[in-house]
Amino acid sequence: MTNLDAKIPEGPIAEKWTNHKNKINVVNPANKRAIDVIVVGTGLAGGSAAASLAELGYNVKAFCFQDSPRRAHSIAAQGGINAAKNYQNDGDSTYRLFYDTVKGGDYRSREANVYRLAEVSANIIDQCVAQGVPFARDYGGLLDNRSFGGVLVSRTFYAKGQTGQQLLLGAYSAMSRQIGKGKIKMYNRHEMLDLVKIDGKARGIIARDLVTGQIERHSAHAVVICSGGYGNVFFLSTNAMGSNATAAWKIHKKGAFFANPCYTQIHPTCIPRSGEHQSKLTLMSESLRNDGRIWVPKHLKDVEAIRSGKMKPTQLKEEDRDYYLERRYPAFGNLVPRDVASRAAKERCDAGFGVNATGEAVYLDFSAAFMRYGKEKANVEGIENASEAEIRKLGQGVIEAKYGNLFQMYEKIVDQNPYETPMMIYPAVHYTMGGVWVDYNLMTTVPGCYCLGEANFSDHGANRLGASALMQGLADGYFVLPYTIGDYLANDIRTGPISIDSPEFLEAEKEVKDRLSKLINNKGVHSVDYFHKKLGKVMWDKVGMARNEKGLKEAITEIREIREQFWKEVRVPGSLNEFNQELEKAERVGDFLELGELFAMDALQRTESCGGHFREESMTEEGEALRDDKNFAFVAAWEYKGDPKDAVLHKEALEFKDIELKQRSYK
Amino acid sequence: MDLILKIWRQKNKEAKGELKTYEVKGVSPDSSFLEMLDVLNDDLVNKGDEPVAFDHDCREGICGMCSLYINGEAHGPDRAITTCQLHMRKFKDGDTIYIEPWRAAAFPVVKDLVVDRSAFDRIMAAGGFVSVNTSGNTQDANALPIPKDDADKAFDAATCIGCGACVASCKNASAMLFVSAKVSQLALLPQGRVEAERRAIHMVEQMDHEGFGNCTNTGACEVECPKGISLENIARLNREYLSAAIKAE
Ligand SMILES: Cc1cc2nc3c(=O)[nH]c(=O)nc-3n(C[C@H](O)[C@H](O)[C@H](O)COP(=O)(O)OP(=O)(O)OC[C@H]3O[C@@H](n4cnc5c(N)ncnc54)[C@H](O)[C@@H]3O)c2cc1C
Ligand code: SF4
Ligand code: FES
């Protein structure tokens, strides 16, 4: 076990980034024209990085597997983006955002990175507005804010329920401008399938043209991976169907350490599973917890009656309902952080109180909010002696203005009217805090290979706060990498173009072709999804919301068995040299089957509970997560050694100089 | 539910395609349309046949990837939704459902139900942006107040997901609704106003160059647009375009 050097600059935390920028090498504009950079991924992280690097003068080649950069999964983000602008004058500051993020992450993130994130956050909003991102505004024409879970200020900027879409389209338009100028060459419908290293440095990638099936070699002086998170290792998650770990996993196999794979965020408010056909899960924004109250029946007989349809939830008397979050956490109530809310829902459902046929659903009830808003509205409009029904109706109007699109989305999927009956929700896999290990410069342990956005591990510790992923992706791409990459590329100004005919490229290409041929020629008996679902079930049951030693050990064995079976029995129809979606899936699931094992090993190793990682062996008397700072205040960074089971653990010790370590409490 | 599906199969861009008939049985009315196709595809793979290729990713109506022409309508029978948001309860047991790709000269078929919409990207690269660098030295976001009404209208136009249903529903395969949404969004905001006319000219030129047809104001696009992008935007684009064209003379 070695101690990893994160290359954190010296000096007081508030000056580190400025000092660092002043000291590092830069490449002069003429030399930038002689340097190529590959960017894999065009989400908020990749899109912003590609545009910024091209503006600086580098020749950028960008890759995405969708048919357009505009469709990266970032497009689906709903709620908002944080920034320490303090426009509301409610005491927000760089320090407060830094503090909230470190605390929210349950003290498992790197202070220096988080501080920098908070520091550049304000610039992001300026930048996006300049690009024409239509954020919500008030009647005075100024930007509006909302607040999110786990914090005490209003710092979240938003564009209705489509913040991710608007930010991504901003980055995409900046990219489009550079594509038009020829500074970015865009490779749509291309999938990176390996990293090429020459003399230990990242010098290119192998990619498959998903339309023709051709395997291509692409060289560059640096490679930037922005391929998003790996939540789909669970099969069912709120991620897009194509979201995958392949790019990140391939660089891991070529020497990039993978950090904290077990840190996963399970989001409390998602639409429950409806049956076996389910292909993905849909998020209902966290903002709903501002106005909805979460409950299950107090008595099992009522649960039975509701499940069998003999009783409607609206008929259950107030005193027979268990508002369990309000009961357990009187201070934060329904607004406890995501990890806490998710575990509490699971606890109730495991005890048999789940309210739908699968037993995995709790109610999110807006009736109190309807009445509260309705009364307010009746007063404002001077309606006297309004009946209860009238008040309710007025209140529904207010809620509709706030969350109308979410209510509509819910109704389309569940076929129930959430204005008439409470919503049903259940936790679902949503985000992965773990990812490729990077130093302060966002470089991985492979020189010249960088990793940005959800794909890296850097800023959110063991739990991410709402509206902070968008902030991180754009901070990495617009404001961090464009500086730090120059420090590395300054040594490459005389290198000249990199040939794609070297033995290293040819060998990597051959490896990819062999692996794909193996999949195609396998003539097995089961579809790719069959294995993906099997893996997902093990992950959810044994490496999900609550983990213990026995379950994790079983999971490791079972995942290994599924992987072996996959390579023997998977059937991939069609051929290599054509558009072949089953082949794409097979390649991705093959990697998930390796990542899943490492994930479980990491969860086994970390015998403490922290943030989204809950070990049943480590809880307080009241059943809350219990950290072990003495033994686990470190980043677990795994080195690949030929098989997931042989991975070697390296540690980066986490030092908290600017924030005091405390046990989180939301009571 | 048991269903008969008539699906367009086409090996690749050059090949000739045809409608083929399939049966799916035991479909849950609660499943989405794409989940119904998942069931069909799983069956096909298990039988050793080739599954039907179709585009999809987010499956929640925001990425713009899904693009099926169902029973003669872009995104199917329901309104204000994408294909991935369509649920099987909109159909009846025993129904025959026709499933085809978007049809437009500028959107060639890649395979089966998958089409090539990169023409949209090229239109964007011709002018769908504000010419500002990502330097971090831009002015403060609140330096320039924007009337809420303008901001809201810009937002509405900006919700276009670039799916191409407007093109697929138009008898001329015109891309005016798509182009006008971007031109409007940026023209309504002070940051984009500066280049508004130039942008309109360049984007329209590229649109013509890609082989999209002319707009004859039938309004079919607005009806099928999953995001409710309004025809008002086309009027605004026409204004920008005309005023730019007059100045150029
Ligand atoms: C439903 C939902 C709602 C959310 N809401 C919020 C919110 O309100 N606020 C917030 O802060 N965060 C939110 N998040 C989280 C946030 O959206 C993501 O963490 C973030 O957008 C990830 O951005 P990214 O750029 O890292 O990756 P992505 O946007 O996932 O982009 C990945 C890119 O990599 C490409 N790619 C991947 N693999 C390959 C490969 N092998 N070859 C080539 N290309 C590849 C893809 O094509 C894509 O372009 C939400 C997430 C979900 C699922
Ligand atoms: S205008 Fe509507 S139909 Fe056309 S691409 Fe945009 S969202 Fe799709
Ligand atoms: S799959 Fe994303 S909009 Fe339908």
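Colleague: Why does E318(A), at 44% relative accessibility, count as partly exposed?

Modeller: E318(A) has a value of 44%, and this lies in between the two cut-offs, because buried means under 20% relative accessible area and exposed over 50%, calculated with a 1.4 Å probe on the protein chains only. In this predicted model, local features need pLDDT of at least 70 and side-chain atom pairs count only at pLDDT 80 or more, while totals for chains, interfaces and linings use all residues. Side-chain values use heavy atoms, with hydrogens and water left out, residues are numbered from 1 along each chain as its sequence is written, and chains are lettered from A and ligands numbered from 1 in the order in which they are written.

Colleague: What makes the contact of E318(A) with R321(A) a salt bridge?

Modeller: The closest N and O atoms of E318(A) and R321(A) are 3.9 Å apart, so the pair meets the rule that a side-chain nitrogen of Lys or Arg lies within 4 Å of a carboxyl oxygen of Asp or Glu. R321(A), with a relative accessible area of 9%, is therefore called buried.

Colleague: How do you know that K247(B) and E197(B) also form a salt bridge, and which parts of chain B does this pair tie together?

Modeller: The N to O distance between the side chains of K247(B) and E197(B) is 2.9 Å, and they meet in a salt bridge. K247(B) lies in helix α9 (residues 232-248) and E197(B) in helix α7 (residues 196-209) of chain B, so the pair joins parts that are 50 residues apart in sequence. Helices here are DSSP runs of H or I with at least four residues, strands are runs of E with at least two, and both are numbered from the N terminus. K247(B), at 59% relative accessibility, counts as exposed.

Colleague: What separates E584(A) and R588(A) along their helix?

Modeller: E584(A) and R588(A) are 4 residues apart in helix α17 (residues 581-605) of chain A, which means that about one helical turn separates them. Their closest N and O atoms are 3.7 Å apart, and they form a salt bridge. With relative accessible areas of 12% for E584(A) and 9% for R588(A), both residues are buried.

Colleague: Where does helix α13 of chain A bend, and by how much?

Modeller: Helix α13 (residues 469-489) bends by about 55° at V480(A), the bend being the angle between axes fitted to the seven residues ending there and the seven starting there. A proline, P482(A), follows within four residues, and 18 of the 21 residues of α13(A) are buried.
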